[in-house]
Amino acid sequence: MQDFDAIYRIAADRHGGPAALEARLTRPVPAAELAEVPADRWLAAMTKCLFQAGFNWSVIENKWPGFETAFDGFDVARVAFYHDGDMDRLLADKGIVRNAAKIKAVIENARFLQDLAQEHGSAGAAFANWPNADYVDLLQLIAKRGSRLGAVTGQRMLRSMGRDSFILSPDVTARLISEGVVDRPPSAQRDMRAVQDAFNIWSAQSGRGLTAISQTLAFSIDPASA
């Protein structure tokens, strides 16, 4: 496994130099600010990402105002107590994508967020304060206790909210395989732990967070060969 500086140089060379690469790296939201994000915005992000999975993203984006209305602005307390009548209402609502399994997942995720609030003070605090060095455990928690938030869906949700994070996109995975961290797209916990260990090493070497490292790995891969 190469050190981070070597991978960074590859990425910089492929994207116009260090300054150009730095301009492409996004900055995560500070943890203190992220912890203050209200639960309805976390539920909204979960909902958007899980509905985008397997759908045309532009369809979800165009219908998004309808989702906000149909789910009461994603008020967690209200959505968590939705009943059969609400399911019937939502399945008849042409302003959203009427997928029963995904609608049910929204309700289940509202209850998941309530549980996190009871355990950590708020859902935002739970996500924001989770140690980067154990990030894969946060992904596992979301996958196990949330609904339809496994794999890249949960990863994309956290990134969309500005949480310092990695996304195991095809390009990131290609670099991890090239570096010998894994030999296949990681899914098993053993592979995910190997990914975490690699990110921890690169973070110690560079002083950078998960988002910057993840994006640098992606940019180090030639799109034509990824």
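Glu68 is partly exposed, with a relative accessible area of 22%, where buried means under 20%, exposed over 50% and partly exposed in between (1.4 Å probe, protein chains only). The model is predicted, so that local features need pLDDT of at least 70 and side-chain atom pairs count only at pLDDT 80 or more, while totals for chains, interfaces and linings use all residues. Residues are numbered from 1 along each chain as its sequence is written, and side-chain values use heavy atoms, with hydrogens and water left out.

The side chain of Glu68 forms a salt bridge with that of Arg41 at 2.9 Å, N to O; a salt bridge is a side-chain nitrogen of Lys or Arg within 4 Å of a carboxyl oxygen of Asp or Glu. This pair links distant parts of the chain, with Glu68 in helix H5 (residues 57-70) and Arg41 in helix H4 (residues 39-52), 27 residues apart. Helices (H or I, at least four residues) are DSSP runs, numbered from the N terminus. Arg41 is likewise partly exposed, at 29% relative accessibility.

In total, twelve salt bridges are counted. Within helix H7 (residues 84-91), Arg89 and Asp86 are three residues apart, about one turn of the helix, and their side chains meet in a salt bridge of 3.3 Å, N to O. Arg89 is partly exposed at 34%, whereas Asp86 is buried at 14%. Arg145 pairs with Glu119, the closest N and O atoms being 2.6 Å apart.

Helix H12 (170-178) packs with helix H14 (residues 210-219) at an angle of about 85 degrees, their axes being 7 Å apart. Axes are lines fitted to C-alpha atoms, for helices over the stretch in contact, and angles run from 0 to 180 degrees between N-to-C directions. H12 and H14 are therefore roughly perpendicular, a term covering 65 to 115 degrees. Asp171, Val172, Arg175 and Leu176 of H12 meet Ser214, Leu217 and Ala218 of H14, contact meaning heavy atoms within 4.5 Å.

Leu176 is also among the residues that touch the most other members of the largest nonpolar core, together with Phe71, Phe127 and Phe166; this core holds 71 residues. A nonpolar core is a set of buried Ala, Val, Leu, Ile, Met, Phe, Trp, Tyr and Cys residues joined through side-chain atoms within 4.5 Å. Beyond its neighbours within four places in sequence, Phe166 contacts residues including Tyr135, Met192, Phe199 and Ser214.

Notes
Helices (H or I, at least four residues) and strands (E, at least two) are DSSP runs, numbered from the N terminus. Angles under 35 degrees count as roughly parallel, over 145 as roughly antiparallel, 65 to 115 as roughly perpendicular and the rest as oblique.
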